[in-house]
Amino acid sequence: MDNFTFHNPTRIIFGKESVGQIGGVIKEAGGKRVLLVAGGGSIRKNGVYDTVARSLKEAGLTWVEAWGVRPNPVLAKAREIIALAQKEKVDAVLAVGGGSVIDTAKSVAAGVFLQDLWAAFERQVEVTTALPIFVVLTMSGTGSEMDPLAVLTHEADVKKWVLRSPALFPVASIIDPTVQQSLPWHQTVNGAIDAMTHVMEFYFLGTWEETTMALDESLMRTIIKMTHLLQQNPLGYEARANLAWAASLALNGLTGVGLREGDFATHRLETAMSAVFPEIAHGAGLGVLFPAWILYMKDYNPATFARWAREVWEAGSVEEGVARMRLTFQGWDAPVTLEELGVSEADIPAIVAAALKVGILGRLKELTPGDLSAILRLAL
Ligand code: NZQ
Ligand code: ZN
């Protein structure tokens, strides 16, 4: 096992009817004037917005609202909200939504202190400070509620990149699984697949990090089991709650302890694909690409791939494990081929070009353009 430091400062408030605590939580942390960041309106329909607004009011806070963050969020929107945050002199940022809203809120929280937010994504400047970030999570999957990352798309440059800084850990995140009952089924599945692949990005680098490996297997099995249960009963609280918590744990640092920084080549490839095709949801893209990556990479750490097939899928070979994973995703009505995502062989060069902009992809193996094309072809 590698030497490591583990520190996750985000306070998690989890459970039924916890959303109403948000005002008190922000006030306790010293916030007075809040920037509320939201998406396309789902929080108005499911009542979350009303609960949040009431709670902010009861805590004596004032706030300003920025709506309209779209899935696969873009730099231009973050810049627009930064200008609002500066004009309104907010001292806290509250994301009410899924990963796209949280990532935009995080980018704004850091961006108010930067001359050029994108320069930080390009790693030309370091993010050392940000406004305090608070989250009311409405969709589990990305882990953004408990991690130091934000992902935005620079549309003109066709780059969907990650910003990482300890300053981006939320101060506190509220996870009330009941608010996720309003999710369309495919979004629940997108989140489940995303969370599962976060675990896999670390896991396949492993050999004898038994604590982490066993934790990772347990999380993968839990995510699969809870998604099956939710498919039978979308209102089941225990399944929703366990899926939500497993998704937070999947990228809060624990699953990667002793496994360096994970591989994340598949994630980089998927974010490149959704930079080229912004209508592709992150989880849906990963469900198509990850099986292909495993088939391509299985001989680079064979004992671990075999262990994954056995422990997660009760399969006798990696190929059988991958087949079961694809069948499981299909059973959840998720796409398993690029064709189903509307991507064809002719699109592969553009996706590879977008992926290579980020630099080196892959730790288990540094992937060449030829490797990336081959993985994409396995996903056709
Ligand atoms: O915009 P609204 O109206 O809120 O609707 C959203 C959106 O249309 C809807 N939704 C969310 N909660 C709902 C709901 N609908 C009904 N009921 C609810 N309770 O779901 C749709 C998708 O939301 P989005 O936030 O885009 O999904 P997700 O949470 O999967 O976030 C995806 C983004 O996060 C990035 C992805 O690349 C993608 O851009 N990621 C962020 C990471 C991080 N910060 O750590 C890591 C991940 O690997 C990932 O890259
Ligand atoms: Zn992801």
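Helix H5 (99–111), strand E6 (149–154) and helix H7 (185–203) each supply at least two residues of the shell around ligand 1. Helices (H or I, at least four residues) and strands (E, at least two) are DSSP runs, numbered from the N terminus. This is a predicted model, in which local features need pLDDT of at least 70, side-chain atom pairs count only at pLDDT 80 or more, and totals for chains, interfaces and linings use all residues. Residues are numbered from 1 along each chain as its sequence is written, chains are lettered from A and ligands numbered from 1 in the order in which they are written, and side-chain values use heavy atoms, with hydrogens and water left out.

**Ligand 1**

- The shell around ligand 1 holds 30 residues, and the closest are Gly40, Gly99, Ser100, Asp147 and Lys160. A residue is near a molecule if one of its heavy atoms lies within 4 Å of it.
- Ligand 1 lies between domain 1 (11–178) and domain 2 (183–378), because both give residues to the shell around it. The domain bounds come from an automatic or database domain assignment.
- By type, the shell residues are nine nonpolar, 17 polar and four charged. Here Ala, Val, Leu, Ile, Met, Phe, Trp, Tyr, Cys and Pro count as nonpolar, Asp, Glu, Lys and Arg as charged, and the others, Gly among them, as polar.
- Two side chains have a polar atom beside an oxygen atom of ligand 1: that of Ser42 at 2.8 Å and that of His267, through an N or O atom, at 3.0 Å.
- From the backbone, an N or O atom of Leu149 lies 3.3 Å from a nitrogen atom of ligand 1.
- On its own, ligand 1 has 960 Å² of accessible area, and the protein covers 90% of this. Accessible areas come from the Shrake-Rupley method with a 1.4 Å probe; for residues, only the protein chains shown count as cover.

**The zinc ion (ligand 2)**

- Asp194 (OD), His198 (NE2), His267 (NE2) and His282 (NE2) coordinate the zinc ion at 2.0 to 2.2 Å. Donors are N, O and S atoms within 2.8 Å of the metal (3.2 Å for Na, K and Ca); water is not among the atoms, so sites may look incomplete.
- The spacing of the donor residues in sequence is D-x3-H-x68-H-x14-H.
- His198 in helix H7 and His282 in helix H11 (residues 282–297) are 84 residues apart, and this pair links distant parts of the chain.
- His198 is buried, with a relative accessible area of 3%, and His282 also counts as buried, at 17%. Buried means under 20% relative accessible area, exposed over 50%, and partly exposed in between (1.4 Å probe, protein chains only).

**Around helix H16**

- Lys365 lies in the loop between helix H15 (348–356) and H16, and counts as buried at 18% relative accessibility.
- The side chains of Lys365 and Asp371 make a polar contact (2.6 Å). Such a contact is a pair of N or O atoms within 3.5 Å; within protein, one must be able to donate a hydrogen and the other to accept it, and residues adjacent in sequence count only if both atoms are side-chain atoms.

**Positive phi**

- Most residues other than glycine have a negative phi.
- Glu17 has a positive phi near 55 degrees. Glu17 is in the loop between E1 and helix H1 (22–28) and counts as exposed, at 73% relative accessibility.
- Arg260 has a positive phi of about 45 degrees. Arg260 lies in the loop between helix H9 (237–250) and helix H10 (265–276) and is partly exposed, at 46%.
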